[in-house]
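Here's a quick tour of one protein model, written for someone who likes to see the cut-offs. Have the viewer open and follow along.

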Amino acid sequence: MEALRQRTEFLRESLEKSKILTETMVAKLGSFDSRLSTLDSAMRPIQARTHAVRTAHENIDKTLRSADVILSQFDKTHEAEKIIMRGPNEDLKGYLEAVDKLRSVARFFSSNKSYKSSDSVLSNVNSLLAKAISKMENEFQRQITSRSKAVDPDKLFDCLPSSLRPSSESPSHPSETGKNLTNGNLSEKQEVAVYTPPTLIDPRFVPLLSKLAQQLVQAGHHAQCLKLYRDARASALEMSLKNLGVEKLSKEEVQKMQWESLEAKIGNWIHFMRIAVKLLFAAERQLCNKIFEGVDSLKDECFAEVTSNSLSVLLSFGEAVAKSKRSPEKLFVLLDMYEIMRELQPDIEVIFEGKACREMQESALTLAKRLAQTAQETFTDFEEAVEKDATKTTVADGTVHPLTSYVINYVKFLFDYQSTLKQLFQEFGTSGDESNSQLATVTMRIMQALQTNLDAKSKQYKDQALTYLFLMNNIHYMVRSVRRSEAKDLLGDDWIQRHRRIVQQNANQYRRVAWAKVLQCISAQGLTSSGGTGVGESGSGGASRALIKDRFRSFNIQIEELYQRQCQWTVPDPELRESLRLAVAEILLPAYRSFIKRFGPLVENSKNPQKYIKYTPEDLEKMLGEFFEGKAAVEVRR
């Protein structure tokens, strides 16, 4: 217990000491807290001044940086001003860069209106830009004008496919006829022909011209830029066409032109249209696209302004021809013109794209339709003209009438234009299959019109035999021509066989009419009694010698008249001529031989028998061999 009390006492003393120490520590800590509070109060002003200094430094740095930026803008302005005042002649690329710098300075001060000097700087920069734009206008005009030259015709010809280039004999015309170049049945080589548009401006200068144009557009000078470009390029284009041979002709001038001259000009026009669209207009479109890249509205408008007058001159000639007085010989050139417009239509749609060019596209399409309409009307006129041809001139020898050869050649040419005619029929709502049928129908109508006219012309002959010979010759010519042309497939075998029968019918009619009297002279009919068997020497029971002599005399007169007359007639086809001679010989020679054999002895025993039996069958055969040769004057030779 004593030990326990001692320990307890010790613990109490320890706790007391710990308490004293704690109170002493608390007192000291309280003293520290007071001192720290005093120190904090003393530090606050210092901290505030330090923050103010730091903020001031940041503001100074920011101001210095702003000042650097502003000063750099002034430096840009000063540098650009030197270049602007010198002008773009020496260094166009540097000049354009200087303008870009000025635009950058203007944008900077426009977005920083708080600077005191913003307004004055902007005023100065805008003044410099105005001077720069004015000088750029002058430079753009100088550049585009000096580099816009007419394209030499020889250079244009070199851009054509080889099949379309002028021949050495005719340097100003294509090496092939307009028909060969424009019909729908082009050769494979022509179908894949490549046209290479000429280079209008050296490619090295196009980017600079594009930059100038873009600067003018950015400055709001759209109208001035368009005018400068149009004046230079349109003039060069029109001169290129003029050097090529394109003329501006009024409708009245076209109407008064002689057909030969007009036909030549139409052939040239077809060639000019191809060169203009596929080469010159295509090249102008490419140049416009490059110079006004990114400015679509102005690009199309500029192209339209440059090409409108040139296209109008070309189309106006086509319009004048389409509206001129219709005549049969114009049909084929109208088809040529229609075909070239159809050929160029896809190119025109691509080259003249855009709202600004829509009217020009429509003008080209309208011309194609008008040419088609005129061609169709001319077609109808021709059919009527053939049927109503009232020329009184006859062919004295019964040969093929000029009208026949003209119409047949006309029809042959039509079949050279088969694909074009099918397109033309389709232009007015006829389907592809129906267009073939329509072409066949039209051809048959023309042939029927010709036949009707020939029937009327044949009635002008006083000699009925010559009437049939004339019809035989002309219809045979029609049949032979059809058989040897593409018309055969369209008209068909039935048409050919039907008209061959007509040829044969006319040949038979000729033989009947021409030789009836001659055959009557050497016929036994009327020479023998009903029960007689021959001719006696005294003539009793048969024909009298006098009657026989009279028959021989009449035969001689008839055959000589026929010989003299029909040797002047003509059967131009050798096969037909020979077959007609054989057909006559087949009825004449057997009858003559039979007559001589039966009645010749009665005359041979008389005085001067050669006076009556003047010709042997061989003589007649030789005489027939001279028929239908179209001789001018003939003397009968035994």
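## Ground rules

This is a predicted model, so local features need pLDDT of at least 70 and side-chain atom pairs count only at pLDDT 80 or more, while totals for chains, interfaces and linings use all residues. Residues are numbered from 1 along each chain as its sequence is written, and side-chain values use heavy atoms, with hydrogens and water left out.

## The overall picture

The secondary structure comes to 21 helices and 0 strands. Helices here are DSSP runs of H or I with at least four residues, strands are E runs of at least two, and both are numbered from the N terminus.

Of the 638 residues, 43% count as buried. Buried means under 20% relative accessible area, exposed means over 50%, and partly exposed is in between, using a 1.4 Å probe and protein chains only. As for contacts (heavy atoms within 4.5 Å), residues 24 or more positions apart account for 80% of those with a separation of 6 or more.

## The nonpolar core

A nonpolar core is a set of buried Ala, Val, Leu, Ile, Met, Phe, Trp, Tyr and Cys residues joined through side-chain atoms within 4.5 Å. The largest one has 174 residues, and those with the most contacts inside it are Tyr 229, Trp 269, Met 341, Tyr 510, Trp 515 and Leu 588. Helix α10 (residues 259–291) gives the most to this core, with 18 residues.

Leaving aside neighbours within four places in sequence, Met 341 is in contact with Trp 269, Met 273, Leu 315, Ile 348, Ala 364, Leu 367, Ala 368 and Leu 371.

## Aromatic pairs

There are 18 aromatic pairs in the structure. Rings of Phe, Tyr and Trp (its six-membered ring) pair if their centres lie within 6.5 Å; planes under 30 degrees apart count as stacked, over 60 as edge-to-face and the rest as tilted. Tyr 510 and Phe 628 make an edge-to-face pair, at 5.8 Å centre to centre with 70° between the planes. That pair links distant parts of the chain, with Tyr 510 in helix α18 (residues 487–521) and Phe 628 in the segment after α21, 118 residues apart. Tyr 510 and Phe 628 are both buried.

Phe 552 and Phe 595 are also edge-to-face, at 5.0 Å centre to centre and 65° between the planes. Phe 552 sits in helix α19 and Phe 595 in helix α20 (residues 574–604), so the pair ties together parts that are 43 residues apart in sequence. Elsewhere, Phe 332, Phe 382, Tyr 406, Tyr 410, Phe 413 and Tyr 417 form one aromatic cluster.

Rolling a probe the size of a water molecule over the atoms shows where empty space is left. On a 1 Å grid over the protein atoms alone, a cavity is a set of points where a 1.4 Å probe fits but cannot get out, and lining residues have an atom within 4 Å of a point.

What lines the largest cavity? The residues are Trp 515, Ile 559, Tyr 563, Leu 588, Leu 620, Met 623, Leu 624 and Phe 627.

Phe 628, the partner of Tyr 510, has a positive phi of about 65° although it is not a glycine. Most residues other than glycine have a negative phi. Phe 628 is buried, with a relative accessible area of 1%.

## Around helix α18

His 499 is found in helix α18 and counts as buried at 4% relative accessibility. Beyond neighbours within four places in sequence, His 499 is in contact with Gln 451, Ile 475 and Val 479. Gln 451 lies in helix α16 (residues 432–458) and is buried too, with a relative accessible area of 10%.

Val 513, also in helix α18, is partly exposed at 27%. Not counting residues up to four places away, Val 513 touches Gln 464, Ala 465 and Tyr 468. The C-alpha atoms of Val 513 and Gln 464 are separated by 6.9 Å, though the two are 49 residues apart along the chain.

Technical notes
On a 1 Å grid over the protein atoms alone, a cavity is a set of points where a 1.4 Å probe fits but cannot get out, and a pocket is an open set with protein on both sides within 12 Å along at least five of seven lines; lining residues have an atom within 4 Å of a point.
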